[in-house]
Amino acid sequence: MELIQTVGRRKTSVARALTTKGKGNITINNKEYKEYFPSIILHNKVIQPLKTINGIDKYDIRVSVSGGGITGQSEAVRLAIARAMVAIDPEWAIRNFTNQTKGIDENGLDYALGAVASEHGANIGELRRIF
């Protein structure tokens, strides 16, 4: 796996994440994420995408975040990490955005297809015809 660059935004906070295969180190503005964010709630927000795919010890993530308050920053970091996970495994996103009783959740599918389309320079309409 190469280096994956993603961006997450929440309110006025902007997070830029660099993701590589590794041992699970997450650094935010050159500090460990537990040191940067003071509360357990914010820690869990940051690692939520990694918990979802059981990837806490599989990827090293370096994040540069600025603007806003600490809650907005943690949510921007979460979004940047989630986008990296979708870029790593787009099929995972499609599998996890399905509703067992109603079929594919349209908003989830559009989000996943948008991530894949932007990554590979494709058109969402073309990808929708495939799925």
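Phenylalanine 37 counts as buried, at 0% relative accessibility, where buried means under 20% relative accessible area, exposed over 50% and partly exposed in between (1.4 Å probe, protein chains only). The structure is a predicted model, in which local features need pLDDT of at least 70 and side-chain atom pairs count only at pLDDT 80 or more, whereas totals for chains, interfaces and linings use all residues. Residues are numbered from 1 along each chain as its sequence is written, and side-chain values use heavy atoms, with hydrogens and water left out.

A pair of aromatic rings is described by the distance of the centres and the angle of the planes. Rings of Phe, Tyr and Trp (its six-membered ring) were taken to pair if their centres lie within 6.5 Å, with planes under 30 degrees apart counted as stacked, over 60 as edge-to-face and the rest as tilted. The count by this rule comes to one aromatic pair. The ring centres of tyrosine 36 and phenylalanine 37 are 5.0 Å apart and the planes stand at 85°, so the pair is edge-to-face.

The protein chain contains six helices and seven strands; helices (H or I, at least four residues) and strands (E, at least two) are DSSP runs, numbered from the N terminus. Along the sequence, these elements follow the pattern β-β-β-β-α-α-β-α-α-β-β-α-α. Of the 131 residues in the protein chain, 34% are buried. The chain exposes about 7,800 Å², of which carbon and sulfur atoms supply 49%; accessible areas come from the Shrake-Rupley method with a 1.4 Å probe, and for residues only the protein chains shown count as cover. With contact meaning heavy atoms within 4.5 Å, 62% of the contacts between residues at least 6 apart in sequence join residues at least 24 apart.

Five strands form an open sheet in the order β1-β2-β5-β3-β4, with mixed pairing; two strands pair if DSSP finds at least two bridges between them. The edge strands, each of which pairs on one side only, are β1 (4-10) and β4 (31-32). Helix α2 (residues 40-52) packs on this sheet, where it touches β3 (26-28) and β5, and its direction makes about 145° with that of β3. Axes are lines fitted to C-alpha atoms, for helices over the stretch in contact, and angles run from 0 to 180 degrees between N-to-C directions. Helix α3 (residues 70-88) lies across β1, β2, β3 and β5 and runs at about 145° to β1.

Within the sheet, β1 and β2 pair in the antiparallel sense over seven bridges. In the hairpin of these strands, which has two residues between them, lysine 11 takes a positive phi near 55°. Strand β2 (residues 13-21) is also joined to strand β5 (residues 59-66), by eight bridges, and the two run antiparallel. Threonine 20 has aspartate 60 as its bridge partner in β5.

Threonine 6, in strand β1, counts as buried at 10% relative accessibility. Threonine 6 stands opposite alanine 17 in β2; the two residues are eleven apart in sequence, and their C-alpha atoms are 5.3 Å apart. Residues up to four places away in sequence aside, threonine 6 touches Ala15, Arg16, Ala17, Ala80, Arg83 and Ala84. The side chain of threonine 6 also reaches the backbone oxygen of alanine 80 at 2.7 Å. Such a polar contact is a pair of N or O atoms within 3.5 Å; within protein, one must be able to donate a hydrogen and the other to accept it, and residues adjacent in sequence count only if both atoms are side-chain atoms.

Serine 13 is found in strand β2 and counts as buried, at 1% relative accessibility. A polar atom of its side chain lies 2.9 Å from the backbone oxygen of glycine 67, and a polar atom of the serine 13 side chain lies 3.3 Å from the backbone nitrogen of glutamine 73. Apart from neighbours within four places in sequence, the contacts of serine 13 are Gly8, Ser66, Gly67, Gly68, Gly69, Gly72, Gln73 and Ala76.

Positive phi values also occur in loops. Asparagine 29, in the loop between β3 and β4, has a phi near 50°, a positive value in a residue other than glycine. This asparagine 29 is partly exposed, with a relative accessible area of 28%. Asparagine 54, in the loop between α2 and β5, likewise is a residue other than glycine with a positive phi, near 55°. Asparagine 54 is exposed, at a relative accessible area of 59%.
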